[in-house]
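Biologist: I have not looked at this one before. Can you show it to me, and then we go through it piece by piece?

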Amino acid sequence: MTFPRPERRPYGSGDGPTRPPFPRPQFPRWGKPLLITIAVLIAFIIAVALFVSIDTEKQWFNSVGYGKVFTTQIWIRILLFLGFGLFMAGATFGNVYLAYRLRPSFRASSIEQLLLDRYRTVIEPRRRLLFGALAALFGLIFGLAASGKWRTWMMWSHATSFGHKDPQFHRDVSYFAFIYPFQRFILGYVMALVVVCTLLSLVTHYAFGGVAFRTPGERVTRGARTHLALLLFVFVVCKAIAYYLDRFGLAFSSRGVVQGPSYTDVHAVLPAKEILAVIALLCAGLFIATIFRTGWLLPAVSFGLLVFSAIIIGGIYPLIVQNFQVKPSEADKEAPYIQRNITETRYAYDLTKVQVKAYEPAANPAASDITNSTATGAGVRLLDNSVLPTTYNQLQQFRNFYSIENLDVDRYVLNGQEQDAVVAVRELNLQGVPATQKTWINEHLVYTHGYGFVAAPGNGVDADGRPSFVEQNIPVAGALGTFEPRVYFGENETAFSIVGAPSGASAREYDFPVNGGNGQQYNTYDGGGGVPIGSTFRQLEFALRFGDKNLLLSDGINSSSRILYNRNPRTRVAKVAPYLTLDGDPYAAVVDGRLTWIVDGYTTSDGFPYAQRENLGSLTKDTNTAKALTQAQASSQINYLRNSVKATVDAYTGAVTLYAWDPNDPVLKTWMKVFPGTVQPQSKMSAQLLAHVRYPADMFKVQRNLLASYHVEDPRAFYGQQDFWLVPLDPTQNTPQPPQPPYYLTLQMPDQTKPTFSLTTTFVPRGRVNLAAFMAVDSDPGPDYGTIRVLQLPRSSTVSGPGQVQNQFEADPTVQTTLNILRVQGGAAGVTYGNLLTLPVAGGLLYVEPVYVKASAGQGSYPLLQKVLVSYGDKIGFQNTYAGAIASLVSAAGGSPGQGSSGNPSASPSASGSPSASASGSPPPVSSALAQAIADAQKAYSDGQDALKRGDFAAYGLAQQRLANALAAAAAASGVGGSTSASPSSSASPSAASASVSPSPSP
C-alpha cells in the first residue's frame, strides 16, 4: 500500500485551509508626519543634551589643564563603542540575513506553516527594516558594554611589567593584572555574540521554514543545519578557550584555606581544566561533522559528552581529592600554598619591610623614667579632631554662612619646635545664609567662598580648656605667616559660583566684616580658575547643564565672569586621574603662601595572583567613617594597593597637580603611558609641601587589618590562627562600637633616636581584650617614611587593651565621682571622652585620654577640655592637665624618683593631685556629705527639666537655685574646688554674639 507524497507548495499559494493575513494597520494621513516630527524632536533633544554634557566637561578639563585626559577617554570610548558595536551589528544582521537566504523554496502544507504564513506576510514587506533594527539594537547594547570597559582596554594596550612572577605559572604579574582581564572580556564578548546570533538565527530559520517541528518531511534543512552547526562549533571552541583561561583564573581561587591555587586546585582542578579543553575541541569537531551527516545525533553526543566530562572531571574528581586527600591532613597539604599566599599578600599590600620587635612592657617602671619620658608631652595630642568641630565652629566661625566642619591633624614648627596641630579651613556654608537673604544673586554671586585657616597645637589649651589657637580670626592672624586665605575650592563647596568682574568694576564677592564703612569687605576673584561664561552661548550651555535659567537671564554675569563648579578637592582629583582611588580624608596645609589641599591617591588592582582579596570599604571602616568625619571607601574588592600619587588642589585657583609618590608602581606607570605628561615627578614637590606630607590613613587601615593575620609568617601557625589579632573596638563610642581609628601623633619608638610624626594603632588577640601589639608607621618624608614598626607583646602578657583601660577609667571611684559632678553640671550634653591614645614610654605603654565637658545641649554650647586621664601598667592618673595627670601617675607608682612600686589598680589621684588611695591601697570612701550633695544635684536637675516641659518657669528657677547650692556643696565636700569653674557656656562663643550679622545682598 502506498501513500501519496505530501503536496509541496510555495509560500502564500495553494487551496488549503488558509487564513486571511493580518490586516495592515491604518494611520490617519497626518499620523506619519507627526511621528516623524516627534522622532526628530527627540533626536534633537538627545543631541543637544549630549553636546552640552560633553562640551561643558571639555571646558572644565581645559580649565584645569587636563584636556587630554578628557579627550583620551572620549575617543577611546567612542572607538570601542563603534568597533565592538558595529562588529556585533554586522554579525547579527549577517546571520539573520543568511538564515533568511537559506530558507527553503517549498514546505509541505501543515497547520504550523499556515500559521507562520500570516507572520511572514507581515514581516516580508518590512524585513530589511526589522533586520536592521535588530542589528542596531544589539550593536547599541554591545557597543555600550564595550565602551564601559575602556579601562580594561587601556591597561591591556599599555601594560607595564611588574618584574615579579607568580609562583604557580611563573608569569609576570602584569599578565594577571592587565592582560588576563582583557582576554576574559574578549572571550565573553564573542560567546555572548555567538549565543545571540544562534538564537536569532534559529528564530529566523523557524519563521521562514528552515526549521519545522510539526511539518511533514525534513525537520531541519541542510542549509539551516550547516548554519547552526557552525555557530555551535564556534561556541564550543570558545568554551575550550575558556577552559584554558580558567587555568590562570585559579590564581584567584578561594577553594583552600587562603586565596590562590590550593593543593586541590593544583593537583586536580588544573589538570581537569586542561583535559576539558581538549574534550571541548573534540566536541567542536563533532559539530563540524554534523554538516555532512543528517540528524542531530552527533551534536547530542557532543553536548552530552561535554556536560558529562564537566561534571565528572571538573566537579566530582576535585571533590574526591579535597575530601579524601586534603581534609585528613590539611595543614600539611596546604602549607606550601599558604606560604605562597603569605608571601604574595605581604608584597601586594606593601608589607615586606615591616619591622616586628618583641616588646615586654614594664609593669612598674621607675617613677623617674615616666617623668623623663613624658616631660614635655609634645607628642601627646589632647585635642581630639573628632570631638572639637563644634568648639572650633563656635570660637572661629564668626558668621553663620561660614562653617568649620572637618578638623585634621598635621604638624607645624611653632616656637622653634615641630608640634602636632589640629587644623581646619573656614569654608562657605550656604545653609547658614539667613532665609531672608537666600536669593539667587546672594547664593551664586555674593557668597562665593570661605575665608581663613585655623590651627591650634595638639597638646595645648588655655586656662578654660579652649584650644590655644596659633592661627585664627578674620582677617587671619597668627604664627603661620602670610598666605592667600580665600577658599574658593573646599570640601563643603558644592554649589556653583559666578566670580570675576572687569577691571575697575565694583567688587561683589563677600570677604569678611570690617570696622568702618559699610562694615563689609568684598573681593573680585582673579585666580584664573573656572570656565569663562561671558558669552551668551556659554551662558546658555551652562543654563542647560545646571537646569538654571538665571544663568542665561541674570544681569550679574558679565564679560569677565567665570563659573566655578566641581569644587571639592576629591572630585577634582578623581576627574583628572580616573584611575585613582582617593583617600577619604583630604587635609589643608599652608604651603608656599597658599592654602593647599593634599589628597592621597591609591592605585589598586584585584588581579594580583595568590594575594588575599579584601573589601576596601570594610577594611577602612572605623569611628571616623561611622560619624561621617571622613569619606567612607566604596565596597570594592582589591588585592593590590599602593599610595602612588600625592595630589594637591589650590584652595584659591583650583589648580590640580599630581605627583608620582611611588614612581616604581607598575600600575601608575601603565596609566602614565595612557595619560602622558599628567603626573609630575616627586622632585617637583617643594620643601614646604614635603613637610606636610603624611602617611595616608586608609592605606594604613588596610595594612593593619592585613597585618593582624599576616604578621604570622609560618604557614602551619597561620593555618591554626591562634596568633591572629584584631583591631580593637573604639571604647569611647556607644554600642555598636566601630573599630578604633588610627591616630596621628608624634612619638619615639624604642629603636628610634628622635620623635617622629607617626600614625598609630593597637591590636588585641582574637577572642580576648588584652593588648597584643602596638604598631606605628613613620609619616615624616625621608628614608624611613612608610616604615612600619610593630611592638609585639608576649602571648602571656596581661597588659590591658583599650577596652580594659576605658573600663578602669570609668570604674575608678574618684574619676566616677568627679565626672558625675561634671555630668550634672553639664546637663544633658554631659561628658565626652576623647581619643584614647597609646604611646610606648619608659619601656612600657602609656594610655592618654582627654575628657571634654559641654555645658548644656543648647545651640551655643561646645565641649572644652576639663580633665586628662592617663594609665601606665595598673596605675591611673586623673587631673586637670596632662602634666598634672602624669604627676598623679608618678605618685600612684611610688612617688619617689628612681623607685618603682606596685599598687592597687584603682588607686588614682584626687582632683587636687594628691593620691586618692589610702596606705592600704583601698579606694577612698565617698563621704556622706558628698553623696547627699550629688543626690540633691541630680534631683534638682530632674525637677528643673520637668518644670521646663510643663512651662512652669517659676518652678524651673527654684530648681536651678537648688542645683547651684547642691553643686557648691558637692564641690566643697569632694575638694574639686575650682577644677570645674571654667565650665563652658554659650557666652564664651564669639559667634554667638554675631551669628545674626550678615552682609547686604550686594554692594
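Modeller: One term before we start: a residue is called buried if its relative accessible area is under 20%. Also keep in mind that this is a predicted model.

Biologist: Fine. Which residues of α10 are buried?
Modeller: In α10 they are Glu330, Glu334, Ala335, Tyr337, Ile338, Asn341, Ile342, Glu344, Thr345, Arg346 and Ala348.

Biologist: How long is α10?
Modeller: Helix α10 covers residues 330–348, which is 19 residues. From its first C-alpha to its last it reaches 26 Å, close to the expected 27 Å.

Biologist: Where is the kink in α10 centred?
Modeller: On proline 336, with a bend of about 45 degrees.

Biologist: Arg346 was in that buried list. What does its side chain reach?
Modeller: The side chain of arginine 346 comes to 2.6 Å from the backbone oxygen of tyrosine 710. Arginine 346 counts as buried because its relative accessible area is 8%, under the 20% limit.

Biologist: What else is arginine 346 in contact with?
Modeller: Setting aside neighbours within four places in sequence, its contacts are Leu351, Thr352, Val354, Leu707, Tyr710, His711 and Glu713.

Biologist: Where does alanine 842 sit?
Modeller: Alanine 842 is in the loop between β32 (837–841) and β33 (844–854). Its phi is also positive, near 50 degrees, and it is a residue other than glycine. With a relative accessible area of 23%, alanine 842 is partly exposed.

Biologist: Which peptide bond is cis?
Modeller: The one from isoleucine 474 to proline 475, with omega near -10 degrees. Proline 475 is in the loop between β10 (471–472) and β11 (477–478).

Biologist: New topic: how many aromatic pairs does the structure hold?
Modeller: It holds 57. One of them is tyrosine 175 with phenylalanine 176: the ring centres are 5.2 Å apart and the planes are at 85 degrees, so the pair is edge-to-face. Tyrosine 175 and phenylalanine 176 are both buried.

Biologist: What about phenylalanine 401 and tyrosine 447, how are their rings arranged?
Modeller: That pair is tilted, at 4.7 Å centre to centre with 35 degrees between the planes. Phenylalanine 401 is in the loop between α12 (389–396) and β4 (402–403), and tyrosine 447 is in the loop between α13 (440–446) and β8 (450–451), so the pair ties together parts 46 residues apart in sequence.

Biologist: Phenylalanine 401 and tyrosine 447, buried or exposed?
Modeller: Both are buried.

Biologist: Which residues do ring pairs link into a cluster?
Modeller: Phe84, Phe142, Trp153, Trp156, Phe182, Phe185 and Tyr189.

Biologist: Last one. What lies over the face of tryptophan 60?
Modeller: Lysine 575, at 5.7 Å from the ring centre. Arginine 613 lies over the face of phenylalanine 252, at 4.6 Å from the ring centre.

Methods
Residues are numbered from 1 along each chain as its sequence is written. This is a predicted model: local features need pLDDT of at least 70, side-chain atom pairs count only at pLDDT 80 or more; totals for chains, interfaces and linings use all residues. Side-chain values use heavy atoms; hydrogens and water are left out. Helices (H or I, at least four residues) and strands (E, at least two) are DSSP runs, numbered from the N terminus. The expected span of a helix is 1.5 Å times one less than its number of residues. The bend at a residue is the angle between axes fitted to the seven residues ending there and the seven starting there. Buried means under 20% relative accessible area, exposed over 50%, partly exposed in between (1.4 Å probe, protein chains only). Rings of Phe, Tyr and Trp (its six-membered ring) pair if their centres lie within 6.5 Å; planes under 30 degrees apart count as stacked, over 60 as edge-to-face and the rest as tilted. A charge sits over a ring if NZ of Lys or CZ of Arg is within 6 Å of the ring centre and within 35 degrees of the ring normal. A polar contact is a pair of N or O atoms within 3.5 Å; within protein, one must be able to donate a hydrogen and the other to accept it, and residues adjacent in sequence count only if both atoms are side-chain atoms. Contact means heavy atoms within 4.5 Å.
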